[in-house]
Amino acid sequence: MARSLDGLDFVPVADQAPGQVGRQTRFRYHERDGLVWADYQGGDVVKGHLIGTRKGDTVDFRYVQLRLDGTTASGRCTSLVTVLDDGRLRLEEFWTWESQEGSGTSAVEQPPN
């Protein structure tokens, strides 16, 4: 199992569609006893939160966010925690909106030092 996510920052690898997480979004993760949560903001997201559980290298969570245009959005995601060659962590994400149509994949990783 990859190391704990607690206290780690993550950034998206690529931009998503407008109104979603993008390269300017920053995540701060926390983890304790199988519980995982994070706060995020930046780009089109004014404020976002996620909460879920971790079993091994799989994190299942729900997310909710407030966008710059004043709308809210929510969904669910399953992330696979992987270790990059340089030791940084990466989350390979498989997400589905619950507040609107759509699903997809994305990735976030620890920024380089």
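Modeller: Rings of Phe, Tyr and Trp (its six-membered ring) form an aromatic pair if their centres lie within 6.5 Å; planes under 30 degrees apart make the pair stacked, over 60 edge-to-face, and the rest tilted. This is a predicted model, in which local features need pLDDT of at least 70 and side-chain atom pairs count only at pLDDT 80 or more, while totals for chains, interfaces and linings use all residues. Residues are numbered from 1 along each chain as its sequence is written, and side-chain values use heavy atoms, with hydrogens and water left out.

Biologist: How many aromatic pairs does the structure hold, and what makes the one between Phe27 and Tyr40 stacked?

Modeller: There are six aromatic pairs. For Phe27 and Tyr40, the centres are 4.7 Å apart and the planes are at 25°. The distance is within 6.5 Å and the angle is under 30 degrees, so the pair counts as stacked. Phe27 is in strand E2 and Tyr40 in strand E3, so the pair ties together parts that are 13 residues apart in sequence. A strand is a DSSP run (E) of at least two residues, numbered from the N terminus. Both Phe27 and Tyr40 are buried, a word that stands for under 20% relative accessible area, with exposed for over 50% and partly exposed for values in between (1.4 Å probe, protein chains only).

Biologist: Why is the pair of Tyr63 and Trp97 given its name?

Modeller: The ring centres of Tyr63 and Trp97 are 5.5 Å apart and the planes are at 75°. That angle is over 60 degrees, so the pair is edge-to-face. Tyr63 belongs to strand E5 and Trp97 to strand E7, 34 residues apart, and the pair links these distant parts of the chain. Both residues are buried.

Biologist: Which residues form one aromatic cluster?

Modeller: Phe10, Phe27, Tyr29 and Tyr40 do.

Biologist: What makes a set of residues a nonpolar core, and which residues have the most contacts inside the largest one?

Modeller: The members must be buried Ala, Val, Leu, Ile, Met, Phe, Trp, Tyr or Cys residues, joined through side-chain atoms within 4.5 Å. The largest such core has 23 residues, and Leu5, Phe10, Phe27, Tyr29, Leu50 and Tyr63 have the most contacts inside it. Two or more residues come from each of strands E2 (26-32), E3 (35-42), E4 (45-55), E5 (58-67), E6 (72-83) and E7 (89-97). E7 gives the largest share, four residues.

Biologist: How do you know whether Leu50 is buried or exposed?

Modeller: Its relative accessible area is 4%, which is under 20%, so Leu50 is buried. Leu50 lies in strand E4. Leaving out neighbours within four places in sequence, Leu50 is in contact (heavy atoms within 4.5 Å) with nine residues by name: Phe27, Tyr29, Val36, Trp37, Ala38, Tyr40, Phe61, Arg62 and Tyr63. Leu50 and Trp37 are 13 residues apart in sequence, and their C-alpha atoms are 5.4 Å apart in space.

Biologist: Is Val36 buried or exposed, and what value shows that?

Modeller: Val36 has a relative accessible area of 0%, so it falls under the 20% limit and is buried. Val36 sits in strand E3. With neighbours within four places set aside, its contacts include Leu5, Tyr29, Leu50 and Val59.

Biologist: What makes Asp33 stand out in its phi, and is Asp33 buried or exposed?

Modeller: Asp33 has a positive phi of about 50° although it is not a glycine. Asp33 lies in the loop between E2 and E3. Its relative accessible area is 80%, over the 50% limit, so Asp33 is exposed.

Biologist: What makes a space a cavity, and how many of 30 Å³ or more are found?

Modeller: On a 1 Å grid over the protein atoms alone, a cavity is a set of points where a 1.4 Å probe fits but cannot get out, and lining residues have an atom within 4 Å of a point. Points are joined across faces, edges and corners, and the volume is the space filled by probe spheres set on them. The search finds one cavity of 30 Å³ or more. The largest cavity holds about 240 Å³ of space. It is lined by 19 residues, of which Val21, Tyr63, Glu93, Trp95 and Ser106 are closest to its centre. E5, E7 and strand E8 (103-109) each supply at least two lining residues.

Biologist: How does the lining of the largest cavity divide into nonpolar, polar and charged?

Modeller: The lining has 14 nonpolar residues, four polar and one charged. Here Ala, Val, Leu, Ile, Met, Phe, Trp, Tyr, Cys and Pro count as nonpolar, Asp, Glu, Lys and Arg as charged, and the others, Gly among them, as polar.

Technical notes: On a 1 Å grid over the protein atoms alone, a cavity is a set of points where a 1.4 Å probe fits but cannot get out, and a pocket is an open set with protein on both sides within 12 Å along at least five of seven lines; lining residues have an atom within 4 Å of a point.
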